[in-house]
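Hi,

Here is the structure for you to look through. Please open it first, then read my notes below.

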Amino acid sequence: RKVNSYVNGIFDVSTMLPLPGRLKSLLLPAYRARKYLVGKIEDRIDQLKASGPDGTTMSAMVFAEDDESGEKLTREEVIENALILLVAGTETSASTLTSAIFLLGLHPHVWEKLVQEQR
């Protein structure tokens, strides 16, 4: 349930309804998750703008310019892209770990070999 709330908080349209903040917080747990993450991303954007590029993916999004037009991503575009990367990374890692554990369970001899290598 917590993972669903996390993912829904990032992409659920209801989190963007024009409700008063307090009402949103009470009614939509997903809104609280999104608000928290967006706050952290905004803090990082502000930090990058104050200190300059640092070679991270977030920095690349904040300072990137289109070669032809010279346009930069808007703050909202940077936030939404960062949220997508957050979810994609989480889901990829979770799927990989689940598959690995499942396959190790199907092949106990491989599990034993892995355990021996770690000793």
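Predicted model: local features only at pLDDT ≥ 70, side-chain atom pairs only at ≥ 80, totals over all residues.

Which residues in H5 are buried?

The protein chain has six helices and zero strands. Along the sequence, the pattern reads α-α-α-α-α-α. Of the 119 residues in the protein chain, 22% are buried.

Now back to H5. The buried residues there are Val78, Ile79, Ala82, Leu83 and Val87. Look at how those numbers are spaced as you read the next point. An α-helix has 3.6 residues a turn, so residues three or four places apart point the same way.

H5 also passes a length check. The helix has 32 residues, and at 1.5 Å a residue they should span 46 Å. The end C-alpha atoms of H5 are 47 Å apart, which agrees.

Next, see where H5 meets H6. H5 covers residues 75-106, and H6 covers residues 108-118. Their axes come within 5 Å and cross at roughly 110°. Angles of 65 to 115 degrees count as roughly perpendicular, so H5 and H6 are roughly perpendicular to each other. On the H5 side, the contact is made by Leu104, Gly105 and Leu106. H6 brings Pro108, Val110, Trp111 and Leu114. Six of the contact residues are nonpolar, one is polar and none is charged.

Two values for the protein chain to finish. Its accessible surface comes to about 8700 Å², and 60% of that belongs to carbon and sulfur atoms. Among its contacts with a separation of 6 or more, 42% are between residues 24 or more positions apart.

Best wishes

Technical notes:
Residues numbered from 1 in each chain as written. Heavy atoms only, no water. Axes fitted to C-alpha atoms, helices over the stretch in contact; angles between N-to-C directions. Helix = DSSP H or I, 4+ residues; strand = E, 2+ residues; numbered from the N terminus. Parallel < 35°, antiparallel > 145°, perpendicular 65-115°, else oblique. Contact = heavy atoms within 4.5 Å. Nonpolar A, V, L, I, M, F, W, Y, C, P; charged D, E, K, R; others polar. Buried < 20%, exposed > 50% of the residue type's maximum accessible area, 1.4 Å probe, protein only. Areas by Shrake-Rupley, 256 points an atom, 1.4 Å probe, with all protein chains shown as cover. Expected span 1.5 Å × (residues − 1).
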